[in-house]
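Hello,

Here is the structure I promised to pass on. Please have a look at it first; my notes follow below.

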Amino acid sequence: MSKTAIITGAGQGIGEAAAYRLAQDGFAIAVADINEKTAPKVAQNLREQGYQAQAYIVDVADRDAVFDLVDQAVADLGKLAVFVNNAGEAFIDPIIDSDPEQISHLLDVNLKGTFWGIQAAAKRFKQQGNGGRIINAASLAGVEASALQSAYSASKFGIRGLTQSAAKELAADQITVNAYNPGIVRTPLRDAIDEKTSKLKGLSVAEQQANCLTEIGLGREGVPADVAEVIAWFVSPSAAYITGQSLLVDGGMKFH
Ligand SMILES: NC(=O)C1=CN([C@@H]2O[C@H](COP(=O)(O)OP(=O)(O)OC[C@H]3O[C@@H](n4cnc5c(N)ncnc54)[C@H](O)[C@@H]3O)[C@@H](O)[C@H]2O)C=CC1
Ligand SMILES: CC(=O)C(C)=O
């Protein structure tokens, strides 16, 4: 049985890119996502390329489902080695107009979903007895908050705090906990942000994009400092003693 990497939100975007990248490093990939169409497709593509992969339909906001995900993936694919809390959502609205339900849902997915992933992975790592790697999706917006993204930025600042606290608690069990903080990565999530922002700010999408930070790649183009590469580095032997870090990735890389 292989070493398993569970990646949430791996049905598209950054999570999908991370799935391909970690598969190249020999991990069996649990493609976990709420989307019943995309997760099986990604898992199938991985298998067609000769990698071990399985799709799991899960809502990361459901704590029991996240624990079940770990149990099932380990039973199917082998010992857990890596858990990437990548799944997330965003919405754009002025803070005074932000809908309470939408705020709660975003925090349930982004912040509490990461909490459940850390808990489930850490419990499994402790049972297995030889450490593990937990990597969380924070964001540039969790280092420098953006207007119109109050709930999202709050969730990403929170994820950085979760990362630091968990890292301090789990280091004794050789479990590292780190976060990647990408700038702009051209995914459906980012496209939706830009479109709504440009509407609210009256900017054309082109003008809005011109205001963006350096766009970085999803890893398939192999551009430097791409996000999938950062996730793979956090999992590599050279990062065995790196923990509690939030790595800002916006074309360059700097710890925060
Ligand atoms: N795209 C960007 O510019 C940046 C993205 N990020 C973060 O990176 C992560 C991935 O973002 P993208 O790939 O851009 O997003 P995306 O929207 O393209 O993909 C997110 C995936 O997560 C899944 N998902 C959403 N809610 C879920 C839930 N409750 N349970 C399970 N799966 C769920 C979606 O089905 C989708 O497949 C997110 O946490 C996002 O906040 C951070 C900084 C920049
Ligand atoms: C979506 C997101 O976190 C950014 C920085 O664009």
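Predicted model: local features only at pLDDT ≥ 70, side-chain atom pairs only at ≥ 80, totals over all residues.

**Aromatic pairs**

Trp116 counts as buried, because its relative accessibility is 16%, under the 20% cut-off.

A search of the whole structure gives two aromatic pairs. In one, the ring centres of Phe115 and Trp116 are 5.9 Å apart. Their planes stand at 45 degrees, so this pair is tilted. Trp233 and Phe234 form a tilted pair too, with 5.3 Å centre to centre and 45 degrees between the planes. Here Trp233 is partly exposed, at 30% relative accessible area. Phe234 is buried, at 1%.

**Ligand 1**

There are 27 residues around ligand 1. Those that come nearest are Ile14, Asp33, Asn86, Tyr152 and Thr187. By type, the shell splits into 14 nonpolar, nine polar and four charged residues.

- Asp59: a polar side-chain atom is 2.9 Å from a nitrogen atom of ligand 1.
- Ile34: a polar backbone atom is 3.2 Å from a nitrogen atom of the ligand.
- Asn86: a backbone N or O atom is 2.8 Å from an oxygen atom of the ligand.

On its own, ligand 1 has 830 Å² of accessible area, and the protein covers 93% of it. Which elements give two or more residues to the shell? They are helix 1 (13-24), helix 5 (150-170), strand 7 (184-185) and helix 6 (188-201). Helix 6 gives the largest share, three residues.

Best wishes

Conventions:
Residues numbered from 1 in each chain as written. Chains lettered and ligands numbered in written order. Heavy atoms only, no water. Near = heavy atom within 4 Å. Polar contact = N/O pair within 3.5 Å; in protein donor to acceptor, adjacent residues only side chain to side chain. Areas by Shrake-Rupley, 256 points an atom, 1.4 Å probe, with all protein chains shown as cover. Helix = DSSP H or I, 4+ residues; strand = E, 2+ residues; numbered from the N terminus. Nonpolar A, V, L, I, M, F, W, Y, C, P; charged D, E, K, R; others polar. Phe/Tyr/Trp six-rings, centres within 6.5 Å; stacked < 30°, edge-to-face > 60°. Buried < 20%, exposed > 50% of the residue type's maximum accessible area, 1.4 Å probe, protein only.
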